[in-house]
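Dear colleague,

Here is the structure I promised to pass on, together with some notes on its sheet and its packing. Please look through the notes with the coordinates open beside you.

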Amino acid sequence: MELSDILRKRRSIRSFSDARPDPGLVAEVVDRARRAPTAGHAQGIDFLVIDDPSAMADFWSIIEDPDFPTTEEEKLVRPPMVVIVWSDPQRYLARYSAEDKIEFGMNELDAWPVRYWDVDAGMASMQLLLVAIDRGLDTWFFGLGYGEDAVRERFGVPVGRKLCGVIALGYRSADEVPTGSGTTVPRRPLEEQLHRNAW
């Protein structure tokens, strides 16, 4: 598939079949995603794949916000697996404490005007989305508004990791209908977002 086709095809799928992607395919997708750029080649991004049905049940239970309960219809079309993307700021500080980087003075958290561990995790996430689509999977990127600390505890996430987001992987259900803001909010015209040589 051409990249331009992948970019046009990419959208958030919220209605999945129960077919589980092959673990080897998921490993391939993650392997390609981890090759996204990282500042100083720090490689401070980790991917937590949850694909065991029991573990997935725990995940959904943990992130269920009692103020916004999931409907029974939504539960029936949940993705069969997720990949949670985490960044590790300490790897960046260690990398920029090395002899070839120390002169930049970015060996302390507060010295980073742009926290590249967040930027890099975003790039790795986007790369994962695009590779997944190229390999025939459907995706949904979402954040955790509830239960992050419990997710950390349940799945043994090391202290200090920062959550970037969650990527659902699977195959769209046969009767999937597009939903979400992309269906209700018009895309801004290119002329409003493209600025040449000045604003």
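Two strands are taken to pair if DSSP finds at least two bridges between them. The model is a predicted one, and in it strand 1 and strand 2 pair in the antiparallel sense over 6 bridges, with V49 standing opposite V83 of strand 2.

These two strands belong to an open sheet of 4 strands, whose order is 1-2-4-3 and whose pairing is antiparallel; strand 1 and strand 3 (138–142) are the edge strands, each pairing on one side only, and from one strand to the next the twist averages 25°. Helix 2 packs on this sheet, where it touches strand 1, strand 2 and strand 4, and its direction makes about 165° with that of strand 1. Helix 6, for its part, lies across strand 1, strand 2, strand 3 and strand 4, and runs at about 5° to strand 4.

Beyond its neighbours within four places in sequence, F47 is in contact with V30, A33, R34, V83, I84, V85, A124 and L128.

Finally, Y92, Y96, W112, Y116 and W117 form one aromatic cluster.

Conventions
Residues numbered from 1 in each chain as written. Predicted model: local features only at pLDDT ≥ 70, side-chain atom pairs only at ≥ 80, totals over all residues. Heavy atoms only, no water. Contact = heavy atoms within 4.5 Å. Phe/Tyr/Trp six-rings, centres within 6.5 Å; stacked < 30°, edge-to-face > 60°. Axes fitted to C-alpha atoms, helices over the stretch in contact; angles between N-to-C directions.
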